[in-house]
Amino acid sequence: MYAQMIKSTGEGVKSLDEMDPQERAFQERINAGGKIEPKDWMPDGYRKNLIRQIGQHAHSEIVGQLPEGNWITRAPTLERKAILLAKVQDEAGHGLYLYCAAETLGVTRDQLTRDLLSGKMKYSSIFNYPTLTWADMGAVGWLVDGAAIMNQVPLQRTSYGPYARAMVRICKEESFHQRQGYDIMMKMAQGTDAQRKMAQDALNRFWGPALMMFGPSDENSVHSAQSMAWKIKMNSNDELRQKFVDECVPQAEYLGLTVPDPDLKWNEERGHYDFTQPDWDEFFDVLKGNGPCNTERLAARNKAWDDGAWVRDGLMAHAAKKRAAKLAAE
Amino acid sequence: MSTPVSAPLFEYLCRMGDNTLVLGHRISEWCGHAPVLEEDIALANTALDLIGQTTLWLDVAGEVEGAGRTADKLAFHRDVWDFRNLLLLEQPNGDFGQTMMRQFLFDAWHLSQLTALKGSSNEQIAAIAEKSSKEVTYHLERATDTVIGLGDGTEESHSRMQAALDLLWPYVGEMFLSDDVDAAMVDTGIAPDPATLRPAYDKLVGDVLTAATLTKPQDDFAHKGGKSGKRHSEHLGHMLTQMQWLQRAYPDATW
């Protein structure tokens, strides 16, 4: 997840017959469930797509620290504070593995960071929404991490080895994140009137944005078809969104909360819930930079980077002095 | 009902727990804003350790007090005058250098305190010290490396670290002031006399500052009033306003 609207650089999916022998061997390896490793030959499009996808995922983890960091200093108990700190620390760690995975494709973390800070590269739209009450920590864990897991579990089988392996560890931690979010929601839903109101309000505000996390419908999309052929995208956006809705509705019922969709209903024939699409105009507005928090999020990351320049320079200078002293001593 | 022994012990436990609570809060303010990703992780990790330690100290404080207050009740329902943390720890983060200088000056004291507490006559305290000292050994190692790296880095990083040291040095002395609570702890074999920790601290800090090419301020003037609770800085009230808002706005809720 966290990588929406990745446009494939491919021109559409070639058949095996149209490929040259090198590319055919590459595709056949993927078809057979094999892994591609950093030193293997790969088509340029595959490399570029993966850099964008992994980079966008990494950036999402980094920016994703902000809406949750917003509540660490106001967490209601010492235990909740510790759990939230651990979660945000995990997210920074996920960012680190993912940048490392991207680096195996020949791009540097510094370059990816510059592209994030300049706005050239995106991060998930969800992190441009504000966290307004403590219940939002519950909703983010339950819905946002829940949606992320939907996408990331299949990505453990993705064709690019370093990405697949990073995803294994990330998934373990994400499932703890989702459980802690749901646990917050349970406490709130079983709590005082004010807490129940906060919980419902959080669900109301995060439901649509969570559905948007899967990206717009990718039916007939050439880009998605290519990514799926390369196994860097494992399921269609609609398929994952449906799975997410099917899973969340009973969870919301268990909490005694109402999913903010008057047309939501079980469809016996399909064996799925029918639901209303989120507001895609809003989604595209957020992508364009007009979400409620885009400006603040990017400004916060830019400030952290700019304010930290002297620290990075200082530590580098010290390391260089140490190296020089060591050389001189030899 | 407090006995003559439990009153100073409660006070002492609050000092330990409030130190970690207040510093843990300050560090957690950095979340997502650090100079580099590895530092974001390290800061969150340090804050997490300190909040964990807070729970241990304040839980025992609540037991010793015997008034039914839990660690959460103590953390979130006391006002400024009841806090017993060192003034050093409530100082604002400032730049990253100031944050790490504060961390180093505290960690060096904290580790020597915890090391002594491992031999405490109070088993609960000895056990907390045993666990915490492992974490704080790492905190001190990291803070030391950072102070040296930035002190002996570029001209700018050097001057920022010197400014941080000059700003924070007047808060060092409070860590070694002995009062009646400390005397009661010494008498019962619970904790060391803080004054006795000073020579080793001065040696350690002196060595690190030398390696960092930083100059220890000549004036040893020490602000006081944090650990006794007599006079905190203005900063603590603002911190509590944020830390305790939810619990006070919704006092009948459980979370």
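Across all chains of this predicted model, a search of the whole structure turns up 17 aromatic pairs. Here, rings of Phe, Tyr and Trp (its six-membered ring) pair if their centres lie within 6.5 Å, with planes under 30 degrees apart called stacked, over 60 edge-to-face and the rest tilted. Let us look at two of the pairs.

| Pair | Centre to centre | Angle between planes | Class |
|---|---|---|---|
| A:W142 and A:Y182 | 5.7 Å | 65 degrees | edge-to-face |
| B:W30 and B:F96 | 5.7 Å | 90 degrees | edge-to-face |

In chain A, the pair joins distant parts of the chain: A:W142 belongs to helix α6 (residues 135-155) and A:Y182 to helix α7 (residues 161-189), 40 residues apart. Helices (H or I, at least four residues) are DSSP runs, numbered from the N terminus. A:W142 is buried at 1% relative accessible area, and A:Y182 is buried at 17%; buried means under 20% relative accessible area, using a 1.4 Å probe and protein chains only.

In chain B, B:W30 sits in the loop between α1 (6-28) and α2 (37-65), while B:F96 is in helix α5 (residues 96-117), 66 residues apart. B:W30 is buried at 12%, as is B:F96 at 2%.

Back in chain A, ring pairs connect A:F26, A:W41, A:Y46, A:Y160 and A:W230 into a cluster.

Charges meet rings too: A:R312 lies over the face of A:W305, 3.4 Å from the ring centre, and B:R78 lies over that of B:F83, at 4.5 Å. The test asks for NZ of Lys or CZ of Arg within 6 Å of the ring centre and within 35 degrees of the ring normal.

Residues are numbered from 1 along each chain as its sequence is written, and chains are lettered from A in the order in which they are written. Local features need pLDDT of at least 70, and side-chain atom pairs count only at pLDDT 80 or more, with side-chain values using heavy atoms and leaving out hydrogens and water.

Conventions: Helix = DSSP H or I, 4+ residues; strand = E, 2+ residues; numbered from the N terminus. Buried < 20%, exposed > 50% of the residue type's maximum accessible area, 1.4 Å probe, protein only.
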